[in-house]
2 protein chains.
Amino acid sequence: MTANDVSRPTDAELEILKVLWERGTCTVRDVFEVLSAARETGYTTTLKLLQIMFEKGLVSRDESQKSHVYKARAKQQATQRMLVTDLLTRAFGGSTEKLVVQALAAKKASKEELAEIRRLLNELEGDEQ
Amino acid sequence: MTANDVSRPTDAELEILKVLWERGTCTVRDVFEVLSAARETGYTTTLKLLQIMFEKGLVSRDESQKSHVYKARAKQQATQRMLVTDLLTRAFGGSTEKLVVQALAAKKASKEELAEIRRLLNELEGDEQ
DNA sequence: TCCTTCCTACGAAACAATTCGTAGATCAGA
DNA sequence: TCTGATCTACGAATTGTTTCGTAGGAAGGA
């Protein structure tokens, strides 16, 4: 799997990517500390996962220090878009509307969020004319 | 795993559920025929998957005939909502807005769909006041 | 009745994802 | 220098998912 043909990250991989996006760059220990705060997990588990993610091209790393420094290769938004597209295809028959409806039903957005969505809607409908 | 504690269906399971939702009830052969039209797959693979899904409580079955008749236990919308909720949590930090934005960016909805979303938005904002 | 076809059940292989133990290198402080 | 802490690498166990081969039973037609 090359960098340009990255597939859906697994659950554990996504958890790690979230930490990397949040902090920019991380050592294994940095990531481990965040993960282990949320749930029981072992240091070498995190290490192994980052090594695998490196092989897959999901992350890059700087090996110039003793503690390697990892970085997500894809932007958060790009990965989010990939995941939404995947779900759209697998579960919603490609219907963006059905997905959006279920998303809004699943967890009600705040007033501000709804306004933001409305703004986007205006833009999109503007394009269409 | 009981019927009330069903977890995210796997990719293969979701494919089968889609067929069941579409047709209501199906024999293994019915499902197999639909799946094999889309891609190479074996009859006993479909059979085994349906047996596993039955054990997991994802489907029910009528064994009164020689060919068992399967039926999805959860409604399509309920499963869709579960999957969206799952993605919302795993990839979007619970932000419905971010998910909706990415969904609309991923695949542009038609004019009619956008209007439908706008209608829903009006409803939601109405509630809020 | 015998043969073919279709069905279920089931074990197991193949593969992927996750976890962890252990080994060896490096480095800092006593 | 010795000791302990920390790092990477890596093999392997474990668990979950998907695929498929084979066996045995039931049904229908020649």
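Reply: Buried area is the accessible area (1.4 Å probe) that two parts lose on being put together, summed over both. The model is predicted, so local features need pLDDT of at least 70 and side-chain atom pairs pLDDT 80 or more, while totals for chains, interfaces and linings use all residues. Residues are numbered from 1 along each chain as its sequence is written, chains are lettered from A in the order in which they are written, and side-chain values use heavy atoms, without hydrogens and water.

Me: How much area do chain A and chain B bury between them?
Reply: The size of an interface is often given as the accessible area lost when the parts come together. Of the area buried here, 60% is on carbon and sulfur atoms. For chain A and chain B the total is about 4,900 Å².

Me: Which element gives the largest share of the side of chain A that touches chain B?
Reply: Helices (DSSP runs of H or I, at least four residues) are numbered from the N terminus. Those that give two or more residues to this side are α1 (11–23), α4 (76–92), α5 (96–106) and α6 (111–128) of chain A. The largest share, 14 residues, comes from α6(A).

Me: How many salt bridges does the rule find across the interface?
Reply: A salt bridge is a side-chain nitrogen of Lys or Arg within 4 Å of a carboxyl oxygen of Asp or Glu. The side chains of R8(B) and D11(A) meet in one, at 2.3 Å, N to O. Across the interface of chain A and chain B the number found is four.
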